[in-house]
Amino acid sequence: GGGGEGTERGGRGERRGAGGLGGGVGGNSGSCRVLGAAGGGGRSIASEPDPDTGQALKRNSDANHIGDRVTIIEAAVGAAAGTERFTIGHDTTNRVTADTGFETREVEVRVLDEIITKEDPVLIKMDVEGYEPQVFAGASDTLMKSSLLAVITETVDPTIRSVMENHGFVSAAYLPFERSIVSHGSSGNSASSPNTLFVRLDQIS
């Protein structure tokens with residue numbers, strides 16, 4: 001699945017986020033990652049289990065002169081280390097699957113807490129085609145890091161929402177013209193976006 005990451009720049013998180021570390025679970029070709037690393041002056045770590053997509057991400061990063069600031073990890077991210085079957089040939093919708101009707105390859109699975117145990121992420125963007133609950137299950141230490149200001153995720157269910165709220169995050173929207181972040185409460189993502197932005201409560205204006 002797709003995704004990217006970069007520094008959080010807006011609202012009260014701007015000063016802390018600029019030049020920080022972003023993490024992306026589901027790298028794709030990395031448009032968000034390129035914008036984040038190049039525009040914010042920060043670093044990015046991306047997981048991408050598909051080797052062809054990982055190469056596209058590397059080419060994109062190098063073409064934008066930020067290859068030295070983007071670390072690509074060729075692995076899926078889940079609840080526990082191991083292996084999973086991952087679809088082949090579906091471009092941005094490749095995903096972990098147990099469905100034998102798809103052509104798949106075996107890929108390594110790593111845990112987010114292990115990947116960034118020595119890092120201080122500012123923003124995480126997650127797009128893993130429905131595998132988000134497993135990723136969150138392996139991210140409890142990460143979500144407790146005080147450096148982490150925001151998480152963007154495509155899939156949200158009641159369990160994920162509860163996990164985020166228990167770690168001090170609220171569903172929110174960024175208003176670019178006002179340069180502010182406002183809470184959505186428990187209403188979910190905005191009508192204009194397929195993703196949900198969770199922001200640490202103390203970053204809300």
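What joins the side chains of arginine 105 and aspartate 50? I looked this up to begin, bearing in mind that the model is predicted. I found a polar contact of 2.9 Å between the two side chains.

**Entry: arginine 105 and its surroundings**

I located arginine 105 in strand E6. Leaving aside residues up to four places away in sequence, I listed what arginine 105 touches: Asp50, Pro51, Glu84, Arg85, Phe86 and Ile88. I also checked threonine 87, which lies 18 residues from arginine 105 along the chain, and recorded 6.5 Å between the C-alpha atoms of the two.

**Entry: the pair with aspartate 50**

I then found that arginine 105 and aspartate 50 form a salt bridge, with 2.9 Å between the closest N and O atoms. This pair links distant parts of the chain, for arginine 105 belongs to strand E6 while aspartate 50 sits in the loop between E2 and helix H3 (51-63), 55 residues apart. Is aspartate 50 buried or exposed? I recorded 4% relative accessibility for aspartate 50, which counts as buried.

**Entry: the sheet containing E6**

I next examined the strands around E6. I noted an open sheet of three strands in the order E4-E6-E5, with mixed pairing. Strand E4 (76-77) and strand E5 (82-87) each have a single partner strand and stand at the edges, so one side of each has no neighbour in the sheet. Between E5 and strand E6 (residues 104-110) I found antiparallel pairing over six bridges. As one instance of bridge partners, I recorded glutamate 84 with valine 107 in E6.

**Entry: other salt bridges**

How many salt bridges does the structure hold? I found four, and looked up two besides the pair already described.

I recorded a salt bridge between the side chains of glutamate 119 and arginine 43, at 2.8 Å from N to O. This pair also links distant parts of the chain: glutamate 119 is in the loop between helix H4 (112-115) and strand E7 (121-126), and arginine 43 is in strand E2 (residues 43-47), 76 residues apart. I noted arginine 43 as partly exposed, at a relative accessible area of 39%.

I found a further salt bridge between the side chains of aspartate 62 and lysine 58, again with 2.8 Å from N to O. Aspartate 62 and lysine 58 are four residues apart in helix H3, so about one helical turn separates them. I noted aspartate 62 as partly exposed at 36% relative accessibility, and lysine 58 as partly exposed with a relative accessible area of 41%.

How values were computed
Residues numbered from 1 in each chain as written. Predicted model: local features only at pLDDT ≥ 70, side-chain atom pairs only at ≥ 80, totals over all residues. Heavy atoms only, no water. Pairing = 2+ DSSP bridges. Helix = DSSP H or I, 4+ residues; strand = E, 2+ residues; numbered from the N terminus. Contact = heavy atoms within 4.5 Å. Polar contact = N/O pair within 3.5 Å; in protein donor to acceptor, adjacent residues only side chain to side chain. Buried < 20%, exposed > 50% of the residue type's maximum accessible area, 1.4 Å probe, protein only.
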